[in-house]
Each structure stands twice: as structure tokens, then as C-alpha cells.
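Trainee: Could you pick one part of this model and take me through it slowly? I'd like to see how it sits among its neighbours.

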Amino acid sequence: MKKILLSLLGIFILILLFTLFFAETGLKIQAQSENPNLPDFNAVAEEAASDLQKYIQIKTIRGNEIESANFLKAILEKNGIQVKLIPYPGKPDRTSLLAELPGTEEGGGVIFMNHMDVVEAEAAEWKYPPFGAIRIDDRIYGRGSVDMKGLGMMQLYAMLLIKKSGIKLKHKLMYAAFADEESRSMHGAQYIVNNHRDLFKGYEFIHNEGGSGTDGVAVKGSKIFNLQYAEKGILWLELESKAESGHGSTPPVSYAAKNMLEFLLELQTFSKDTIISDVTSAFFYQMGVASSFPNSFVLKRSRNPLIQLILNGVIKSNRHLRAMTSNTISITGIDSDPIGINVITNHTRATVDIRLLPGVVPDEYLAKIKKIADKYKIEIKVKHSEAATVSPMDSKFFQTLAGTAVKVVPEAVVTPFLSPGTTDSSYFRMHGFKCYGLIPALLTDYELDGIHGKDESIRISHLKMGIQILYETILNYNK
Ligand SMILES: [Zn+2]
């Protein structure tokens with residue numbers, strides 16, 4: 001018996017070793033042909049840079065988008081493009097903007113989507129005033145220079161170039177600049193897509209933020225376009241533990257604060273599994289393409305059980321990789337309103353932020369959590385529940401955008417990117433639009449850290465690359 005088991009084990013190991021020689025499949029990208037008569041992108045980028053400076057100087061910290069909308073409206077109208085302003089009812093300062101170029105065919109339209117609001121900036125931490133839009137050589141400093149006025153400017157100039165070229169598009173193109181993205185879009189994208197769905201008739205694809213090109217970030221010396229096709233789901237829970245108060249010198253077996261802590265501890269062990277799906281393995285494969293041996297060998301075989309033993313350690317020690325491969329649970333607050341050091345309080349509250357992988361049903365996940373909560377007498381209130389949203393990677397627009405990016409930067413690699421956070425794309429995916437997130441420029445660690453951080457900045461060369469990739473993507477998509 002023992003002999004049989006040993007030989008079975010031997011065969012199993014041999015099979016595993018054998019499969020090591022076969023790499024999994026990466027992302028298949030359709031090659032794009034050259035476009036003749038391209039404009040002088042250096043000159044276009046200079047023009048865009050000067051408009052970006054003015055755009056950053058309009059303060060739109062979670063509001064006042066009307067001023068930005070009017071600024072963009074003037075540029076679009078000067079170029080002969082009609083504009084529609086959509087104020088949020090009763091709040092005219094929260095205004096969004098839509099502008100369109102017509103197409104000769106029905107359907108298949110593309111929306112360049114962006115947001116005009118920005119987050120706060122702690123001026124004392126910055127090298128230059130956050131709303132000064134100071135240009136030093138090839139770089140403009142300012143809040144929103146990347147997220148997302150910079151990307152909005154790339155999209156705007158790509159659209160203006162299409163208009164100037166006189167090319168008749170097969171599929172219409174929309175420029176959509178929304179209010180209120182940074183505070184969950186109630187006065188912007190959510191309101192507009194839920195109440196004015198008809199405005200987007202004939203549109204199928206959306207280009208938005210959510211992913212970025214990177215220069216030497218994940219792998220030294222690599223150039224990677226992380227093309228976002230999916231966003232994780234959200235489950236926000238408020239927890240409450242109630243029990244009788246008591247004397248600190250004679251604790252009962254269970255009481256409010258202890259129950260809450262024990263529940264939270266068990267919750268942490270509940271979701272530690274690493275899940276490598278087809279698409280995550282395609283992400284790792286592409287990372288392998290960008291890496292050198294031996295990392296390339298490992299990354300291209302992420303679903304192999306032997307390799308997973310090695311890869312798991314790497315994933316678990318990196319918060320970004322962990323977020324891409326597991327359902328994460330963050331304890332974002334604990335409060336027991338302490339009365340005195342020798343008094344056991346009668347209640348403890350906590351909040352958790354749970355992010356779910358595609359394919360996980362929030363209600364089913366919640367039911368499992370409730371089972372554990374019952375054990376510790378914890379009450380759960382759901383503050384927000386939203387499943388992950390996913391767009392296909394074999395769609396014409398994804399393929400065209402990916403193919404154009406690597407045509408403009410041939411040494412770059414495209415990875416399919418699942419983002420842990422959400423953008424306005426999630427609301428549009430729920431309405432059936434296929435949404436893809438990409439800042440089509442190669443940002444460094446320094447530039448990525450500036451997003452919502454200090455010294456946010458963008459280079460003119462980034463604007464140039466972004467405008468070129470978006471402009472050529474629209475040309476290629478309409479061929
Ligand atoms: Zn943003």
C-alpha cells in the first residue's frame with residue numbers, strides 16, 4: 001500500500017515538473033498599422049500644456065466644476081464642437097459637460113470620460129503652490145496635473161486633432177467631463193447615467209482613468225501599460241457589539257470590546273486565500289514578459305502549483321499584488337467610547353472596508369461574514385454593497401487601445417489590470433458599457449505618488465505620448 005502511494009506521489013511530482021516547461025498564455029493583442037500624415041505632436045503638446053496650466057489654476061476641490069466646464073466649453077466651441085452642460089438639479093456649481101463628434105454608422109461610439117474635480121492639497125508640503133500650475137522645464141506642478149485634468153487634456157486634444165483633420169469617423173466620439181468623481185459621483189456620473197441614459201445612445205466603449213502606463217515601477221527598467229478592464233466590488237460594513245458594562249477587575253467571559261476584537265481577528269483569517277484567475281494569470285504573464293530570468297520564468301507560470309508556492313510569498317508581501325489576488329478586509333476604525341480605565345464599556349463599534357474580486361457575489365460573501373458575526377453577537381449594518389465590474393479584453397476597443405500603445409512605444413508591454421479601487425467606470429459598466437482605464441503615458445514612481453499626494457506633476461512629454469496614443473487609437477478604431 002505504502003509503495004503504491006509513494007509511486008503515485010512520484011508520478012504527481014513528475015507531472016508537476018513536466019508542466020513547468022509549459023508557459024501559460026499571455027495577453028493577445030492585435031497589431032496596428034502605421035498612420036500616415038500624423039500631426040506634429042510636440043507642438044500640440046505645448047499647446048495642451050498651456051491650457052493644462054490654466055485648467056489647474058481653476059480650483060475645483062470637490063466642487064466649483066462649473067468654472068472648469070465653462071473653460072473647456074470655450075476651447076471646444078472655438079474649435080467648432082457643440083457642447084452640452086448638465087448641472088446637477090439645485091446645485092449649478094456641480095455641472096458636467098458633454099461634447100460630441102458625429103459618426104457615419106450607428107453604434108460602436110467611444111466616450112472619452114474624465115472628471116473635473118480634484119482632491120485637497122496641503123500647500124505647506126508642496127514644493128510649488130498646488131494651484132499655481134508652475135512649469136519648470138518639461139514639468140508642470142499642480143493638483144490635478146495627472147488625476148485627472150492632465151488625462152482630460154490628453155483626451156481633449158486627441159478629440160480636437162480628429163476634428164481638425166476633417167476625418168469622417170465611422171463611430172461617434174464623445175468628450176464627457178464629469179463633476180464630483182472624488183466624492184462618489186452623486187452629482188456627476190452616477191446622476192447623469194442613471195437619469196439621462198439616452199444621452200449615451202449609440203455609445204459602446206469608454207476610455208477613462210483607472211490604469212496607467214509606468215516607467216520602471218513594478219520591474220526595474222520596464223515600460224508597462226496597465227490597462228484597467230475591471231474594478232473590484234465593495235462591501236462597507238458598520239459593526240456593533242453590545243453587552244452589559246462591568247467592573248474592570250472582574251471581567252465576564254464575554255463583553256462588548258472583547259467580542260468585537262475576537263470577531264475582527266477571525267475576520268482577518270477568513271479571506272487570506274490567494275486566487276489566481278485566468279485574467280490575473282494573464283497579468284502575471286505579461287509582467288513576466290517585462291522581467292528578466294528567473295522572474296520571467298516564474299511569472300509566466302503563475303497557475304502552476306509548484307510555482308504558486310514561490311509566488312505566494314511574493315504576493316503576500318506586496319499590498320498591490322495582494323489586493324489583485326484576494327478579497328481584502330481592512331479594519332478602518334474601532335471605537336468603544338471608553339468611560340474609565342476600570343469600567344468595561346457596554347458597546348464597541350467598528351467599520352470594515354471589504355473589496356471583492358470579480359465573480360464574488362457581495363450578498364453571498366456577507367452571509368458568510370454574518371455566520372461568524374452571530375458567534376460573537378455582532379450586529380452588521382451594510383453601508384454600501386457593489387459587485388466587481390468587468391469589461392472584456394477581446395473587445396475591439398481594448399484591442400485597439402492596447403495595440404496602439406505598443407505601436408507608439410514598441411518596447412512596452414500591456415498588462416490587463418484589475419484595479420482595487422473604483423472610478424466612474426463602475427457606474428457605466430453597470431449600464432452595459434465596456435470601460436477601460438489608462439493614462440497613456442509612462443509615469444514614474446514619483447509621478448504616481450503625486451496622485452492625491454504632494455507635488456503632483458506631469459511632463460510635457462507625457463502629454464505628447466498620451467495625445468498621440470489616444471488620437472491614433474481613434475484613427476485605428478475607425479479604420
Ligand atoms: Zn481621478
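Mentor: Let's look at one strand, its faces and partners, and then the domains.

Keep in mind that this is a predicted model: local features need pLDDT of at least 70, side-chain atom pairs count only at pLDDT 80 or more, and totals for chains, interfaces and linings use all residues. Residues are numbered from 1 along each chain as its sequence is written.

Our strand is S9, residues 233-242; strands are DSSP runs of E, at least two residues long, numbered from the N terminus. In a regular strand, side chains alternate between the two faces of the sheet. On S9, the covered face has Gly-233, Leu-235, Leu-237, Leu-239 and Ser-241. Its uncovered face has Ile-234, Trp-236, Glu-238, Glu-240 and Lys-242. For burial, a residue is buried if 20 or more other C-beta atoms (placed from the backbone) lie within 10 Å of its own, exposed if 12 or fewer, and partly exposed in between.

Now the partners; two strands pair if DSSP finds at least two bridges between them. Follow Leu-235 from the covered face: its bridge partner in S13 is Ile-354, while in S14 it stands opposite Ser-385.

Zooming out, the domain assignment (bounds from an automatic or database source) gives domain 1 as 41-219 + 412-477 and domain 2 as 233-386. Their C-alpha centres lie 33 Å apart.

Note on methods
Helix = DSSP H or I, 4+ residues; strand = E, 2+ residues; numbered from the N terminus.
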